[in-house]
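Hi everyone, thanks for coming along this morning. Let me put the chain up on the screen, and then I'll walk you through a few places in it.

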Amino acid sequence: MNKYLEASLIALSAIWGAKLRSFMTVLGNIVAVTSIIAVVSLIQGLNASVKQAILNQAGADSFNIQQFPITRSDEEREKVRSNPRITRADAAAIRRYSSLATAVMLDSSAGGRITYRDRSIDNTRIQGVTPDYVNFSSFDAERGRLMSPIEVERATPVVVIGWQTADRLFGSNAEPLDKVIQIEGVHFRVVGVSEKRGSLLGQSQDEFAVIPLGQFQMMFGSRRQLSITVKPRDVSLIAPAMDEATIALRIARRLKPKQPDNFGLFTSDTILDIYHNATNGIFAVLVGVVSLSLVVGGIVIMNIMLMVVTERTREIGLRKALGARRSDIMAQMLTESVVLSVFGGVIGTILGAIIAIVISSLTPIPASIEVWSVVLGIGITAMVGLFFGLYPAMRAARLDPIEALRRE
């Protein structure tokens, strides 16, 4: 350990003695690690935000059925254009034929204007639901209560509003419960306010209103596209419950065995997979930039270490004359190379974290600095220093002590 510690101190002394040269030497590593930390921090923060938003909307314990598949090519898009709309009969078929489903909800949404006295909010997401909505975790009421199944069944004009909707309509001090608001000119009594969910890319997740589907269809028309959300008895039963729902819909729609499904099923994991596939392209570009920067940085480190070997030829010869072995010389030179490279990694980590924090504070993109990305960045630079320092270290170890002592 002593020889590695001594070599590290020598390397740090050399870095401090030639600050500008050392900085220019590790510039490639700094760029590479800065890219890793900044991009990974922003993507991880965005991943967490997107995942939470999707779970808030879709729920982790359920799956959705829509008129069209959620992913399709241009050719498939043409094939499914004639898919029939989702209807109440489809939901009834799932209830009838699926033994694993404990809740089946129909819902639809549209943008609408909400008004209370002299305050109004345009283009708020209005969502109409059926009685089973109370069984889904994506619906909640931090204040007040949810609409009762009887109120939803009878299309009673009651509403559960989002946290920001309540704040914008009533202010932070007023109590919104039991107040009467207007949605597209129709009066609704507020029975509950949902808990705060935050925003995604600057888009608020707390500006919405949930009303009975019957009221929704009277206001926006019965031709609005519907979707079905199904909750199985247990999360582990989602896959077989989806199979049962598929069979139920095929029976209800009288599809022949060779005919394809004319509807689409997906879970929150499906949406997350699509999102992760999109972000994989960013990672691919990042890998290319980082690899190029690391190769350039490694070559620069190797050249500098070769120059160091030349500058310290007499010192190496003297060490050998006093009994230093080849392994000792190699260990010293490799340690100096690794320390120099890691020095760039540390600077890159700090710069990357600063950039991620600044971008997060100036834009809606959240940042999350992960420990594993810091370890990865510094670890990669250590490997670069080890790999590209190997040849200079071997060259130093092979020096003949007599010839080295003669070098001026």
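So, to start: among contacts in the chain between residues at least 6 apart in sequence, what percentage join residues at least 24 apart? It is 77%, where contact means heavy atoms within 4.5 Å.

Before going on, a word about what we are looking at. This is a predicted model, in which local features need pLDDT of at least 70 and side-chain atom pairs count only at pLDDT 80 or more, while totals for chains, interfaces and linings use all residues. Residues are numbered from 1 along each chain as its sequence is written, and side-chain values use heavy atoms, with hydrogens and water left out.

The chain has 15 helices and 12 strands; these are DSSP runs numbered from the N terminus, with helices being H or I of at least four residues and strands E of at least two. Of its 408 residues, 44% count as buried. Buried here is under 20% relative accessible area, exposed is over 50%, and partly exposed is in between, with a 1.4 Å probe and protein chains only.

Let's turn to helix α9, residues 238–252. Its 15 residues reach 21 Å from first C-alpha to last, close to the 21 Å expected at 1.5 Å a residue; that expected span is 1.5 Å times one less than the number of residues. Which residues of α9 are buried? They are Ile238, Ala241, Met242, Ala245, Thr246, Ala248, Leu249 and Arg250. Their cover includes β1 (63–66), α5 (88–97), β11 (227–232) and β12 (264–267).

Ile238 also turns up in the surroundings of Ser62, a residue in the loop between α3 and β1. Ser62 counts as buried because its relative accessibility is 1%. Not counting residues up to four places away in sequence, Ser62 touches Phe136, Thr229, Val230, Lys231, Pro232, Ile238 and Thr267.

After α9 comes Arg254, in the loop between α9 and β12. Is Arg254 buried or exposed? Arg254 is at 74% relative accessibility, so it counts as exposed. Its phi is positive, near 55°. Most residues other than glycine have a negative phi. Ala155 is another non-glycine residue with a positive phi, about 55°, and sits in the loop between α6 (149–153) and β5 (158–161). Ala155 counts as buried, because its relative accessibility is 16%.

Now for two residues inside helices. Ser41 belongs to helix α3, residues 27–58, and is buried because its relative accessibility is 0%. Its side chain reaches the backbone oxygen of Ile37 at 2.6 Å. Leaving aside neighbours within four places in sequence, the contacts of Ser41 include Ala356, Pro366 and Ile369.

Gly298 is in helix α10, residues 268–311, and it too has 0% relative accessibility, so it counts as buried.

Thanks, and I'm happy to take questions!

Note on methods: Polar contact = N/O pair within 3.5 Å; in protein donor to acceptor, adjacent residues only side chain to side chain.
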